[in-house]
Amino acid sequence: MTEAVTPPPSPHDPPQPPPAAEPAGRPGQQHFEQPQPQDAKPPNPRPDRPDEPGGGAGGITAADIRDGAAVALVVGVAGVLLGLLWAWLAPRAQYVSNGEAVFLRDTESEARIGADGTFFLLALGFGVLSAVAVFLWRRRGGVPLVIGLTLGACFASLAAWRLGLLLGPSGNLPAAAAEAGKGVPFDAPLQLLAHGVLLVWPMSAVALHLGLTALWSPREPLPAEDWDTYPPPHVHVDLTKDAPRD
């Protein structure tokens, strides 16, 4: 009669429970119990970070929403500065009156197009500055920050446009011509002929912010492998199945 050989225990094996009573059967035959895999997962060490395993559902917290609202408010208020700069730096076209009608003093003047170009360059600069500022404030980014930046930049562009028109020369041409007198040139009101430049600030800010976040935002560490059980459960084999019988 041949007896199944018991392999020596490995130093890496977990402590085994004491052997139970040998069931009735063939004498000398040993039974090996396959250890059960550990399904319990360790608790999340950072419960305040919902984006990590075990965190809150959705990955967006109340703090993230507050940050997005703060970004929208600050960027929206910055539109006042854009409006002031546009009213100050934009070139002015001039009109002249002959007593009956109002005409452009210089029909080949590019001042009206220059007003659109000035707004475009200023909005582009404000978009770059706001994107960099938001990224440096919250490097990890997030959906609420992007939404707040987009809404704030859209509102800032509209506020800057309306403020520039308000601070510029009067739009009442008959009154301005009567005040200036016949043959005396006077400044034309500010105009934004290409309304598409209102989207320069939000588009440039969001695009640059997403690029900075994708390149230099902090990365979450990869979850460590579970090496508590060695060898893995699939390595354990029930030797009684292949034991020779007499």
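Tutor: A search of the whole structure finds 3 aromatic pairs, where rings of Phe, Tyr and Trp (its six-membered ring) pair if their centres lie within 6.5 Å; planes under 30 degrees apart are stacked, over 60 edge-to-face and the rest tilted. This is a predicted model, in which local features need pLDDT of at least 70 and side-chain atom pairs count only at 80 or more, while totals for chains, interfaces and linings use all residues. Residues are numbered from 1 along each chain as its sequence is written, and side-chain values use heavy atoms, leaving out hydrogens and water.

Let's start with Trp86 and Phe119, an edge-to-face pair with 5.2 Å between centres and 85° between planes. Trp86 belongs to helix H1 and Phe119 to helix H2, so the pair ties together parts 33 residues apart in sequence; helices here are DSSP runs (H or I) of at least four residues, numbered from the N terminus. Trp86 is buried, at 0% relative accessible area, and Phe119 is also buried at 0%; buried means under 20% (1.4 Å probe, protein chains only).

Next come Phe126 and Trp201: their ring centres are 5.2 Å apart and their planes at 45°, so this pair is tilted. Phe126 lies in helix H2 and Trp201 in helix H5, so parts 75 residues apart in sequence are tied together. Both Phe126 and Trp201 are buried.

Now for a neighbour: Leu192 touches Trp86 and Phe119, among others, not counting residues up to four places away in sequence; contact means heavy atoms within 4.5 Å.

Methods. Helix = DSSP H or I, 4+ residues; strand = E, 2+ residues; numbered from the N terminus. Buried < 20%, exposed > 50% of the residue type's maximum accessible area, 1.4 Å probe, protein only.
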